[in-house]
Amino acid sequence: MTRSLDRTPSSAATLSPPAPAARGEARGERSGNGYVPHVVAWNLTKRCNLECAHCYISAGSWHLASEELSTEECFRVLDEVLEVNPNPMLILTGGEPLVRDDLEAIAERASSRGATVVVGTNGTGLTGERIDSLMAAGIKGVAVSIDSLRSEYHDRFRHGGGALTDTMAAVKRCAERKLDFVIQTTVTTGNRHEIADLANWSATAGAVSFNVYFVVPTGRAELMGGMTPAENDEVLQELVALEQTYRGRMMIRSKCQPQFMRHIIDGDPDSPLLNYETRCPCGVHYVRITPEGKVTPCPYMPVVAGDLMKDSFRTIWQTSEVFSDLRSGRLSGRCGRCEYRDVCGGCRARAYAETGDFLGPDDSCVYEPTGEVPLIVRVQAVAYGQSAPSEMSWSPEARARLDKVPSFVRGVVTARVEKFAIEKGYSNVDIEVMEEVRKSLPVDFSKKLPFFLGRGGTA
């Protein structure tokens, strides 16, 4: 017995998720013999001016540049990634990526060849000059970490005096230059009561998204005591309410805690989060590259799927047994028998960190499957991270613009534009139709669209 998420969206900008893949098939978009790496997180360095308590890569000032890939090696790896997916979302991060003198060169090469490039940074080094330099190199946005509005907490958590003041000043400089930014917060027992205040501060500052990360016990975080499952659940419920409050102005996201979707599915059928492929994406359409060129399913899972100093990115992406296992979707324990396994599935990195089995249960979840609730499946057409067949004629100019859209949103953009054109009685899609769709989106975002729906290229 199954229960379908057959929701009727309340806005033209909302599409519901697709039915799950059959056993053994991909949950993400397929491309030739492999799955598409829509999002590539690249830890360019372990060097960092801070020493954050939860750092999954145990970054710090003592690491050496000689431990990292050279500029030319980065260029080669980048070209190999773009051979597999010409339009990925490329997250350049660290450690602290701003310590690399060649960051702009890497970003420029990627952005000029079709990638949507963003930088993940602690923000302390984002001077006005560096922001200008990054923007000139084609950076479309930055993700900046703020864990508290209290300097005594943030600076202690990040192990850097004055870090909060410097990062807040950097956020202001990004806003002044109209560079999109995301605020990232790692939630713990010490700051969970601040989540609403942090969301409000982020929205007021002009963030396009407020991302709340739940601790995965890896790297230095292996020594941290995480929140209880009940505490995790309380924060998730708060995030559902905050997402409704800021909808159309700023996105609210739960990271490394896909159990968020249980609350969305049961309590908010109009949520734009239903647009997304919500199961843990690691190894399916998300991948991480380490500073020394190893490939892992995600930044929080240190299981090595391959070595780019020995094999090409394509070979690793298409043939790794680690990725094959993750793509099977076959989970064990509570996650394997849970009614929400097709829309949540638990955090695979946390399962590995706590059990040694990345297909095992994620015990940070409070929910206990009983077998009495029907399996939750998804039945509608296209979600972010999936392809959509084109059913209309597109002008060469319109097709060229579509081809510049980041791959993880292209399917949704295709479906949305063609639906709009059909409803308006248009026989084909051209630039004018795409502009009409863009202007009709019921999203404010302070009167401009974020990097993945605006300057990053889309209708």
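Residues are numbered from 1 along each chain as its sequence is written. Because the model is predicted, local features need pLDDT of at least 70 and side-chain atom pairs count only at pLDDT 80 or more, whereas totals for chains, interfaces and linings use all residues; side-chain values use heavy atoms, with hydrogens and water left out.

Strand β9 runs parallel to β10, to which 5 bridges join it; pairing requires that DSSP find at least two bridges between two strands. β9 also pairs in the parallel sense with strand β8 (residues 180–187), over 6 bridges, and F210 is the bridge partner of I183. Two right-handed β-α-β units include β9: one is made by β8, helix α6 (residues 195–205) and β9, the other by β9, α7 and β10. A crossover is right-handed if, with the strands pointing away from the viewer, the path from the first strand over the helix to the second runs clockwise.

Since 6 of the 6 residues of β9 (residues 209–214) are buried, this strand is largely enclosed by the rest of the structure. Buried denotes under 20% relative accessible area, exposed over 50%, and partly exposed the range in between (1.4 Å probe, protein chains only). In a regular strand, side chains alternate between the two faces of the sheet. Both faces of β9 are covered, with S209, N211 and Y213 on one side and F210, V212 and F214 on the other.

Helix α8 (residues 260–267) is mostly covered, 6 of its 8 residues being buried. These are F260, M261, R262, H263, I264 and I265, and their cover includes α7 (229–246), β10 (251–255) and β14 (375–377). L239 touches F260 as well as I195, V212, F214, I252 and S254, residues up to four places away in sequence not being counted; contact means heavy atoms within 4.5 Å.

Two non-glycine residues with positive phi lie in loops. C256, with phi of about 65°, is found between β10 and α8 and counts as buried at 19% relative accessibility. S58, with phi of about 50°, lies between β4 (39–43) and α1 and counts as partly exposed at 25%. A cis peptide bond, with omega of about 20°, joins G94 and G95; G95 lies in the loop between β5 (89–93) and α2 (103–112).

Conventions: Helix = DSSP H or I, 4+ residues; strand = E, 2+ residues; numbered from the N terminus.
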